[in-house]
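Colleague: I am new to reading protein models. Can you take me through the strands and sheets of this one?

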Amino acid sequence: MKTPNAKTTITSLLAALIIGLITMAFSPKLGLDSYEIYLNDKLIMKQYINQPLNLRTLQLDKAAPEDLLWVKYNHCTIKSGSGSERVIVLKDAQGHELKQWTFANSPSENKPMKVSVAELRQLEKAHAEHQISMYYKSKELPGGELLAYLR
């Protein structure tokens, strides 16, 4: 019976590491923040933070004024997924803040943040000459994350 030498052991460990890294490369959802946007209870957008920005345009022209836009942001590093001190912010093309909505902390579950479609449309009309961006901010993500463009 042969005893393994150092070269064989290192080769085996390196092969296991490479297989593990390759497996993780094909799991894009592992370890990434994600979010879902609903119009009332209908899912209209689901994104992971590594997806291209050009897919993030919300069309609200067919939504009724009484409808609600629900945003559910999932932090990959938090067991419940829900951040604390959550905020949805609308900004114009120059980065000026147009409107901000704050939401209660929910440590045990990730409750959706709800915004009135009527308010969003009103802001779109008032700032028709600018593209409006929707951002999510929290204590865990103070720099914010671009969620979508409105149009």
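Predicted model: local features only at pLDDT ≥ 70, side-chain atom pairs only at ≥ 80, totals over all residues.

Modeller: Residues are numbered from 1 along each chain as its sequence is written, and side-chain values use heavy atoms, with hydrogens and water left out.

Colleague: What counts as a strand or a helix, and when do two strands pair?

Modeller: Both are DSSP runs, numbered from the N terminus: helices are H or I with at least four residues, strands are E with at least two. Two strands pair if DSSP finds at least two bridges between them. Here, β1 (residues 34-39) and β2 (residues 42-48) pair in the antiparallel sense over six bridges. Leu 39 stands opposite Lys 42 in β2. Two residues lie between these strands in the hairpin, where Asn 40 takes a positive phi near 60°.

Colleague: Which strand order does the four-stranded open sheet have?

Modeller: The order is β2-β1-β4-β7, with antiparallel pairing. At the edges are β2 and β7 (113-116), and each pairs on one side only. From one strand to the next, the twist averages 20°; axes are lines fitted to C-alpha atoms, for helices over the stretch in contact, and angles run from 0 to 180 degrees between N-to-C directions. Inside this sheet, β1 also pairs with β4 (residues 68-74) over six antiparallel bridges. Ser 34 faces Asn 74 there. Four bridges join β4 to β7, and Val 71 stands opposite Met 113.

Colleague: Why is β1 called largely enclosed?

Modeller: Buried means under 20% relative accessible area, exposed over 50%, partly exposed in between (1.4 Å probe, protein chains only). Five of the six residues of β1 are buried, so the rest of the structure largely encloses this strand.

Colleague: What is the order in the five-stranded sheet?

Modeller: This open sheet runs β3-β9-β8-β5-β6, with mixed pairing. β3 (57-58) and β6 (97-102) each have a single partner strand, so one side of each has no neighbour in the sheet. Within it, β5 (residues 87-91) and β8 (residues 132-137) are antiparallel over five bridges.

Colleague: Where does helix α2 lie?

Modeller: Helix α2 (residues 117-126) lies across β5, β6, β8 and β9 (145-150), at about 170° to β6. The helix α2 also lies across β1, β4 and β7, at about 55° to β7.

Colleague: Is Glu 145 buried or exposed?

Modeller: Glu 145 is buried, at 17% relative accessible area. Contact means heavy atoms within 4.5 Å. Leaving aside neighbours within four places in sequence, the contacts of Glu 145 include Arg 56 and Tyr 73.
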